[in-house]
Amino acid sequence: QKMPPSLPATINIREPRWDQSTFQGRAKHFFMVTDPRNLLLSGATLEEARRVVEDYRAGTVHPGLTEDQLWRAKYIYDSAFHPDTGEKMILVGRMSAQVPMNMTITGCMLTFYRTTPAVLFWQWVNQSFNAIVNYTNRSGDAPITPSQLGTAYVSATTGAVVTALGLKSLTKHLPAIIGRYVPFAAVAAANCINIPLMRQRELKLGIPVTDENGNRLGESTAAAQKAIFQVVVSRIGMAAPAMAIPPVIMNMLEKRAFLKRYPYLNAPLQVSLVGLCLVFATPLCCALFPQKSSMPVSSLEPEVQDQIRKKDPWLETVYFNKGL
């Protein structure tokens, strides 16, 4: 039997498999990154994927390895190991945990929104989860200190709770459907607080900007502002369908005899509806903006423009990693 031809050692597995300049390419990439099935993989499978990827990067191609198997190993590796430190990430902080964790937390926020203790508890749980995700996916270039993490966590939790309780009291005399949207407003407010605080070092000192080939040209706070704005929009977009569609459906179902007869099905139904929305909303909203974002040199701070002009007078566009 003929052996399959050996795989060339020239495939760039540091970049995603699909064209990231198109929304479709980015969506395919993030459907792989956020696939919840990766959470069920054994430690042995993760270590095997790590071995295949690290060996391939070092120039060693395993006999019989196909291109599909290589890309599968790359996405398994990326789902569990930190891109900068190479450490295995906390299970609930991985991108593949986003859908199951968020569907449970969001479903409960939407179900138990009527009492103040429930609002306080579920907003606290949500922000605790966000803090774990932000810490787990921190940048190796700009590590988060415990004090920054604590400040962002306390500020976002306070912002979410104050927004939720304030809106809850304002919507008391309005139709019930309006009250159901209070958790979404609180989550949106918390994202606007949490992400900029978590990345405050980038806003003060800037993030690395590069040319098309990845050559570092300097650090820009203007690029940091654009990156953080895009991440905030993506995160709010992720939450929107899951927190906007189920309340309408649940409001209709609660008026029917079925849910009045079986009220204990309220929470499981809500969680399932949220999960269905998140399976699509999470990767599609991650794909709204390219991971490797760009901006014109003329939009950078004057001193960074001068720095770049000295290196390359004709350069018009710089690139940066926006984060997740």
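1. Where is the place of Leu-315? Leu-315 sits in the loop between α13 and β4; helices (H or I, at least four residues) and strands (E, at least two) are DSSP runs, numbered from the N terminus. The model is a predicted one, in which local features need pLDDT of at least 70 and side-chain atom pairs count only at pLDDT 80 or more, while totals for chains, interfaces and linings use all residues. Residues are numbered from 1 along each chain as its sequence is written, and side-chain values use heavy atoms, with hydrogens and water left out.

2. Leu-315 counts as buried because its relative accessible area is 15%, where buried means under 20% relative accessible area, exposed over 50%, and partly exposed in between (1.4 Å probe, protein chains only). Setting aside residues up to four places away in sequence, Leu-315 touches Asp-211, Leu-217, Val-297, Ile-308 and Arg-309; contact here means heavy atoms within 4.5 Å. Leu-315 and Asp-211 are 104 residues apart along the chain, and their C-alpha atoms are separated by 8.0 Å.

3. The loop that holds Leu-315 also holds Asp-312, between α13 (302-311) and β4 (317-321). Asp-312 has a relative accessible area of 28%, and is therefore partly exposed.

4. The C-alpha atoms fill a box of roughly 65 × 65 × 35 Å along the principal axes. Of the 324 residues, 45% count as buried. Among contacts with a separation of 6 or more, 73% are between residues 24 or more positions apart.

5. The chain exposes about 16,600 Å², of which carbon and sulfur atoms supply 62%; the accessible areas come from the Shrake-Rupley method with a 1.4 Å probe, and for residues only the protein chains shown count as cover. There are 33 positive and 23 negative side chains, and the centres of the two sets lie 13 Å apart. Lys and Arg count as positive and Asp and Glu as negative, with His and the chain ends not counted; each charge is placed at NZ of Lys, CZ of Arg, CG of Asp or CD of Glu.

6. The chain is divided into domain 1 (21-87) and domain 2 (93-319), with bounds that come from an automatic or database domain assignment. Their C-alpha centres lie 25 Å apart. In the interface, 17 residues of domain 1 are in contact with 23 residues of domain 2. The size of an interface is often given as the accessible area lost when the parts come together. For these two domains the buried area is about 1,600 Å², 68% of it on carbon and sulfur atoms; it is the accessible area (1.4 Å probe) that two parts lose on being put together, summed over both.

7. Thr-282 belongs to helix α12 (residues 266-286). With a relative accessible area of 0%, Thr-282 is therefore buried. Beyond its neighbours within four places in sequence, Thr-282 is in contact with Thr-34, Gln-98, Val-99 and Met-238.

8. Pro-100 is found in helix α4 (residues 98-111). Its relative accessibility is 28%, so Pro-100 counts as partly exposed. Apart from neighbours within four places in sequence, Pro-100 is in contact with Pro-36 and Leu-39. Pro-100 and Pro-36 are 64 residues apart in sequence and 7.0 Å apart in space, C-alpha to C-alpha.
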